[in-house]
Amino acid sequence: MADLVAIVPSRGRRHAVAEVVAAFSETCTANTILMFACDRDDPKIGEYHSEVERLAVLSAHKDQHRPEPESTVRPQLQCMDEQPPLPG
């Protein structure tokens, strides 16, 4: 379970994803989910998916090799026009 969820709005700035993940990884002291929020019609949506997936795999790999990870940063992607499932 995450201690912190940071929502990072983005449109057409896929290049900034790795920089944000690196900054959070270097400074976070909590288990953190970085939720990159984008629009489904963002022309860079495919690039976002690829970059976030790549960084999530790298983050998980780093965590496996630390003896006792103090904190983790897990990047995720959510399109803002997607509706979450209703409970029940």
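# Exercises on a β-α-β-α-β chain

The chain holds two helices and three strands. The model is predicted.

## Exercise 1. The order of elements

Task: State which pattern the chain follows along the sequence, and which elements make a right-handed unit.

Solution. 
Step 1. Read along the sequence. The pattern is β-α-β-α-β.
Step 2. Take β1, then helix α1 (residues 15–27), then β2. Together they make a β-α-β unit, and the unit is right-handed.
Step 3. α1 lies across β1, β2 and β3. Its direction is about 160° to that of β2.

## Exercise 2. The sheet

Task: Work out the strand order of the sheet and find which strands stand at the edges.

Solution. 
Step 1. Start with β1 (residues 4–9) and β2 (residues 32–38). Six bridges join them, and the two strands run parallel.
Step 2. Check residue partners for this pair. V5 stands opposite I33 in β2. A6 has L34 as its bridge partner. P9 stands opposite A37.
Step 3. Turn to β2 and β3. Seven bridges join these strands, which also run parallel. Here A37 has Q78 of β3 as its bridge partner.
Step 4. The three strands form an open sheet in the order β1-β2-β3, with parallel pairing.
Step 5. Find the edges. β1 and β3 each have a single partner strand, so one side of each lacks a neighbour in the sheet.
Step 6. From one strand to the next it averages 25°.

## Exercise 3. Burial of β2

Task: Decide whether the residues of β2 are buried or exposed, and say what this means for the strand.

Solution. 
Step 1. Take one face. T32, L34, F36 and C38 are buried.
Step 2. Take the other face. I33, M35 and A37 are buried as well.
Step 3. Conclude. Seven of the seven residues of β2 are buried, so the strand is largely enclosed by the rest of the structure.
Step 4. Of its 88 residues, 31% count as buried.

## Exercise 4. The nonpolar core

Task: Identify which residues touch the most other members of the largest nonpolar core, and which element gives the most to this core.

Solution. 
Step 1. Size the core. It has 15 residues.
Step 2. Pick out the members with the most partners. They are V17, V21, L34, F36 and L77.
Step 3. Trace the elements. β1, α1, β2, α2 (45–64) and β3 (73–79) each give two or more residues to this core.
Step 4. Name the top contributor. α2 gives the most, with four residues.
Step 5. Follow V21. Leaving out residues up to four places away in sequence, V21 touches L34, F36, L55, S59 and P75.

## Exercise 5. A proline in a strand

Task: Describe where P75 lies, whether P75 is buried or exposed, and which residues P75 touches.

Solution. 
Step 1. Locate the residue. P75 is part of strand β3.
Step 2. Apply the cut-off. P75 has a relative accessible area of 5%. Buried means under 20%. P75 is therefore buried.
Step 3. List contacts, again leaving out residues up to four places away in sequence. P75 touches V21, L34, F36, V52, L55, A56 and S59.
Step 4. Compare sequence with space for one partner. P75 and V21 are 54 residues apart along the chain, yet their C-alpha atoms are separated by 7.0 Å.
Step 5. Widen the view. Among contacts in the chain with a separation of 6 or more, 81% are between residues 24 or more positions apart.

## Exercise 6. The segment before β1

Task: Say how A2 counts by accessibility and which residues A2 touches.

Solution. 
Step 1. Locate A2. A2 sits in the segment before β1.
Step 2. Classify A2. Its relative accessibility is 23%, so A2 counts as partly exposed.
Step 3. List contacts beyond four places in sequence. A2 touches N31, I33 and R74.
Step 4. A2 and T72 are 70 residues apart in sequence and 8.8 Å apart in space, C-alpha to C-alpha.

## Exercise 7. Cysteines

Task: State how many disulfides the structure has, and whether C28 is buried or exposed.

Solution. 
Step 1. Recall the bond. A disulfide is a covalent bond between the sulfur atoms of two cysteines.
Step 2. Count. A search of the whole structure finds zero disulfides.
Step 3. Check burial. C28 is buried, at 15% relative accessible area. C38 is also buried, at 1%.

How values were computed:
Residues numbered from 1 in each chain as written. Predicted model: local features only at pLDDT ≥ 70, side-chain atom pairs only at ≥ 80, totals over all residues. Heavy atoms only, no water. Pairing = 2+ DSSP bridges. Right-handed = clockwise from strand over helix to strand, strands pointing away. Disulfide = S-S within 2.5 Å. Buried < 20%, exposed > 50% of the residue type's maximum accessible area, 1.4 Å probe, protein only. Core = buried A, V, L, I, M, F, W, Y, C linked by side-chain atoms within 4.5 Å. Contact = heavy atoms within 4.5 Å. Axes fitted to C-alpha atoms, helices over the stretch in contact; angles between N-to-C directions.
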